Amino acid sequence: MATGSTLEMSPQPQDNLRTFLRHLYAECVYRYQNATKSKGQATDAEELLLEDYATRFLEQEQGSIDMQDVDEQAASDNELYATVLTATMPTNHNSIPYDGNNSNNSETERLYCPVNFDGYLCWPPTPAGTILSQYCPDFVEGFNAKFLAHKTCLENGSWYRHPESLQIWSNYTNCVDYEDLEFRHFVNELYVKGYALSLLALLISIIIFLGFKSLRCTRIRIHVHLFASLALTCIAWILWYRLVVEHYERIAESPPWCIALHLVVHYFMLVNYFWMFCEGLHLHLVLVVVFVKDTIVMRWFKIFSWLSPLLFVIPYGIARHFSANDNQHCWINDSFYLWIFSVPITLSLLASFIFLINVLRVIVRKLHPQSAQPAPLAIRKAVRATIILVPLFGLQHFLLPYRPDAGTQLDRFYQLLSVVLVSLQGFVVSFLFCFANHDVTFAIRTLLNKLMPRLVSPPPAGSNTGQMATTTPSRELGV
């Protein structure tokens, strides 16, 4: 997520890109200004047109690539063909023969395509009838800088124009790193499958929690709300990947419903973090304050976790809607205004981390004087509690704030790690706090024994207190 301090001091990513492209344009003009004048091909109008190209490129998306129309085999063949053609094709079919006296006239009257900056690369003055090749830009995500881009200068000294857009066109289809593209599709599929697995586990857990009266206590009710928010988030992310990410034409059209889905995804994301904060706060209150009125606590937890995220989502939606640079492409790109979400999420994670430290302190202090081998036992209990509470508090997200450079092996490892830590959180908390919960297994085994006494034996005597709502923090943490 992008973060920032103030609107005035922190430029938006789109502004940074525009500034970068203007620098590229300035370098392009400075490098070839003498050549442009000597060829006599660039008029004042053309220079003004070139000067404004970086801005128009961002606004009209010139030079963008429709990935679904790219043919990998054809692109490879075209690259080989263009490379050979560049070395063999005559560079000027209209030049005046050299006679020893008219060298300057020959150079002057030879047809050249003018300097052109297409938003990605600077194309120098090029002889007519030539296909010019350059290495692909290294600042475009998904491009391989070792591949070649091509631009055709026609026989009449003008650049080739795309038959549909009628704009001067550069061929960047060969720049696409198909191996990286396939890996990204693979990662997206893993996210969908991970969210689907988590959704199934969360729904089963919610049914179990709500189906047994013996599991009705404040802590379980908090679990139910957290699991419900995680399940809704999984549904929202699955819809986002299936209906938006996989359809480039919808991203380009940016219909209102996909922007609404973007807001829904981020709303439930905030709800998740706030319920994880409530899990830590309730555990802290139980261990430290001891006497807590559960009805009052649950009322404030519901208001805080389900309603307060709207205080962040609504301003974010309004700010981004009225930002010309950010109100496009289904809001799939990063935005400066994401700091509106980053601040509460960061504060929530820091508070949850403090709660975790406090829980470990209480466990160590509780066990240390009572054990024959106090230190090892306390350490083991603290490690167990940490493993259980980290996914419940969402602290695994501390491992994901800094992403390595795109295209590196470390970046691929980061993306796979992100799949595991993010999409499978629902499955992990379901397993730890429902399927592996002592009171849950006791209740299920008791029910199965009543339904199938010959197949399922009753729970061992004394394995449960026999009272309702026996689930406590100590029992869940194994201490």
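Colleague: Is Ser348 buried or exposed?

Modeller: Bear in mind that this is a predicted model. A residue counts as buried when its relative accessible area is under 20%, and Ser348, with a relative accessible area of 6%, is therefore buried. Ser348 is found in helix α12, which spans residues 339-367, and, once residues up to four places away in sequence are set aside, it touches Tyr273 and Phe277.

Colleague: What share of the chain counts as buried?

Modeller: Of the 479 residues, 44% count as buried, while the accessible surface of the chain comes to about 25700 Å², with 63% of that belonging to carbon and sulfur atoms. The chain has 17 helices and six strands.

Colleague: How is the packing of two helices described?

Modeller: In general, one gives the angle between the two axes together with the distance between those axes. Here, helix α9 (residues 256-289) and helix α10 (residues 294-307) pack at an angle of about 155°, and their axes lie 8 Å apart. Because angles over 145 degrees count as roughly antiparallel, α9 is roughly antiparallel to α10, and α9 passes α10 in a right-handed crossing.

Colleague: Which residues of α9 and α10 meet?

Modeller: On the α9 side they include Phe268, Val271, Trp275 and Phe277, and on the α10 side Val297, Phe301 and Trp306 are among them. Sorted by class, the contact of α9 with α10 has twelve nonpolar, two polar and two charged residues. Phe277, listed in that contact from α9, is also one of the residues touched by Ser348.

Notes. Residues are numbered from 1 along each chain as its sequence is written. This is a predicted model: local features need pLDDT of at least 70, side-chain atom pairs count only at pLDDT 80 or more; totals for chains, interfaces and linings use all residues. Side-chain values use heavy atoms; hydrogens and water are left out. Axes are lines fitted to C-alpha atoms, for helices over the stretch in contact, and angles run from 0 to 180 degrees between N-to-C directions. Helices (H or I, at least four residues) and strands (E, at least two) are DSSP runs, numbered from the N terminus. Angles under 35 degrees count as roughly parallel, over 145 as roughly antiparallel, 65 to 115 as roughly perpendicular and the rest as oblique. A crossing is left-handed if the near helix is turned anticlockwise from the far one by less than a right angle, and right-handed if clockwise. Contact means heavy atoms within 4.5 Å. Ala, Val, Leu, Ile, Met, Phe, Trp, Tyr, Cys and Pro count as nonpolar, Asp, Glu, Lys and Arg as charged, and the others, Gly among them, as polar. Buried means under 20% relative accessible area, exposed over 50%, partly exposed in between (1.4 Å probe, protein chains only). Accessible areas come from the Shrake-Rupley method with a 1.4 Å probe; for residues, only the protein chains shown count as cover.
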